[in-house]
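Hello,

Here is the structure we talked about. Please look through it first, then read my notes below.

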Amino acid sequence: MNPMLSRLAAVVALSCAYIYMVYGQSLDTDTVPSRYRVVATTFGAGRQKVLDTYLTPLQYAGPEVSVARETMRFTRFNKDLSVQNFFRIYAAMPGKNGYDIYSGLVNWNYGMHYQFQLRYNLKLLVGGLGDLNAGFVYNPRNSNNPASAKAFVDLDASAMLIYRFKLGRCHLTARYQANLPVMGVMFSPDYGSSYYEMFYLGYRDNTVKFTSLHNHLSLRQMVTLDFPCRRVTFRAGYYWEIQQSHVNNLKTHTYSHSFMLGFVRNLRLFRDKHGRQLPSGVNPF
Amino acid sequence: MKTRIAYLLAVAALAFAAISISSCVKEDEFDNTPEGNFELLWKIIDEHYCFFEYKDIDWNEVHDRYARRITPEMPSKALFEVLGEMLAELKDGHVNLYAAHDVAAYRKWYEDYPSNFNDSIARLYLGKTGDYMTAAGIQYKAFADNIGYIRYASFSDGIGDGNLNEVLSSLAICDGLIIDVRDNGGGSLDNAQRLAARFTDKRVMTGYIMHKTGPGHNEFSEPQPVWLEPSQHIRWQKPVVVLTNRHSYSATNEFVNMMRLLPGVTIMGDKTGGGSGLPFSAELLNSWSVRFSASPVLDVARQHIEWGIDPDIRVDMTAEDIRANRDTMIEAARELLRQGGV
């Protein structure tokens, strides 16, 4: 394995281990802020443009549907440090001239932000995320290059602005977030390598590549507005994803615009220290 | 102090966001016009086709010659005809242009040669329903002189290990086996390898595969060996004759390339049609799609087999035999196997 890739893999593994350790401990925490979680589930619909020159040199455009789940909480060891857990999955059917291709991606971001309180109602969050992705683009009309598998892991720089305000009697929360992959590892077929060669014969040289801003300049942005309606807090949002790569002389991009709508729940976790059962009135089991 | 840092970070984040938005990874764009589709097709082939050097084709000269025939107002079918002619310059059966009304293909690799296969006569050898059996894509029987006969008409028709076990068990009493892959235009390499794996007891290197690593005509990966692993199921141990003609193409060409290296196997008939480049596909702006050779397979001497493989024993169908409903090649194979083969 390339020494640089080895070092990168070690950094990613240690980061993940650390994050997991922190996450695991937080379940046992007694620190009050870390017991609270803001959990949002949103459903999105939008439009996607896809280019993958492994499949064909054309850009396809078409509808996209998605679902996302996000959890935010404070860490137990620093009151200014928050954890974001963001999971999104999309499926799209971009087409051209009546012919469709299919694409899908599972994306998981997990990381921390340091929170700066700029004003009493304005916060800037700056931090880093682990960014795991797995997906595909499939063209059913192709022969030995029918699909392009997507698999990449990035370390993202992330920034978020959160603004709380009041409209009439409603308390609203607006948020803008941008995640920029800084470095990572990506699977990419070689320029003309067939899946027969890669997966039947097992020759996969040059298919795992180091990526950074020079060959994988991408950006995920999100604007959301949380607003109460009766006893439920809804979330409306706009998700703009730019995923690009120029690896192995192959060019790819996915430009996705999606409007999201969902709901937000504020949860409070507690720990059962003494093994006592929940009161029957709140115990679902 | 914290606030200043925060503002600086915010500015940096916005700068990165602006850079990302403005630095798009894009491919050259063409208009959906006759000129645009011509240029796009020419570029796809220019950057991905794998036999320019081997076939000594000056693709730039081809561009200039055919560009003169493209006009903005030309009808779609006329454009299709010109583009089909341009692709025929590659002399490659794996290069096709697909439109709703037609498929442009280069067929001289078999049309310019004797057919050496008559389906009606071959059917006489199989007999009527009940005289032969069918296992997935294979038809088979034992001739009266105790020679087994397998007809595999297309490697696109799947064949499983269970099917092959039944076929070889059924023919196990035969003194020799004929595998007739004439007019088999190819299909799945998996099926070709699965069948060939029944005729070797050892792991055999059958050739090399390589692929393009960039758009240049000479940008290729290092050739990697292709191995044929012996099947873990029933393996044939007696003499074999593989019957070929000019229409034995693509995966069938590779099947013959593997079989000719195996002990007890004789390749008989006409030269195969070739077709050693694994085909890739791409699409044009007007929804036509193009298929082209992208990844060459070489033989054990690292030589191209794009133009076909010569048989060990050359046999042609004779007009006299055809008139008498006799298949010259099957008869020659039976005679060879009756004498012990090879």
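I start with a pair in chain B: Lys55(B) and Asp92(B) are both buried, where buried means under 20% relative accessible area, exposed over 50% and partly exposed in between (1.4 Å probe, protein chains only). Their side chains form a salt bridge, N to O at 3.6 Å; the term stands for a side-chain nitrogen of Lys or Arg within 4 Å of a carboxyl oxygen of Asp or Glu. Helices (H or I, at least four residues) and strands (E, at least two) are DSSP runs, numbered from the N terminus.

Before the rest, some notes on reading the model. It is predicted, so local features need pLDDT of at least 70 and side-chain atom pairs count only at pLDDT 80 or more, while totals for chains, interfaces and linings use all residues. Residues are numbered from 1 along each chain as its sequence is written, chains are lettered from A and ligands numbered from 1 in the order in which they are written, and side-chain values use heavy atoms, with hydrogens and water left out.

Other salt bridges

Over all chains there are 35 salt bridges. One of them joins Asp28(B) and Lys43(B), with N to O at 3.8 Å. Asp28(B) is in the loop between α1 and α2 of chain B, and Lys43(B) is in helix α2, 15 residues apart. Asp28(B) counts as partly exposed because its relative accessibility is 47%, whereas Lys43(B) is buried at 13%.

Arg246(B) and Asp270(B) form another, their closest N and O atoms being 3.9 Å apart. Arg246(B) lies in the loop between β9 (240-244) and α10 (251-259), and Asp270(B) in the loop between β10 (265-269) and β11, so this pair ties together parts 24 residues apart in sequence. Arg246(B) is buried at 14% relative accessibility, and Asp270(B) is buried at 1%.

In chain A, salt bridges that share partners join Glu64(A), Arg88(A), Asp131(A), Arg220(A) and Glu241(A) into one network. Is Glu241(A) buried or exposed? Glu241(A) counts as buried because its relative accessibility is 1%. Glu241(A) belongs to strand β12 (residues 232-247) of chain A.

Where the chains meet

In all, 51 residues of chain B are in contact (heavy atoms within 4.5 Å) with 54 residues of chain A. The two chains bury about 4200 Å² between them, 60% of it on carbon and sulfur atoms; this is the accessible area (1.4 Å probe) that two parts lose on being put together, summed over both. On the chain B side, Val25(B), Phe280(B) and Glu283(B) lose the most area to chain A, together 17% of what that side buries. The rule finds 2 salt bridges across this interface. Glu283(B) forms a salt bridge with Arg141(A), the closest N and O atoms being 2.3 Å apart.

The cores

A nonpolar core is a set of buried Ala, Val, Leu, Ile, Met, Phe, Trp, Tyr and Cys residues joined through side-chain atoms within 4.5 Å. The largest has 47 residues, and Ile45(B), Trp59(B), Leu90(B), Leu97(B), Val290(B) and Phe292(B) have the most contacts inside it. Another core lies apart from it, with 43 residues, including Tyr152(B) and Met258(B).

Regards
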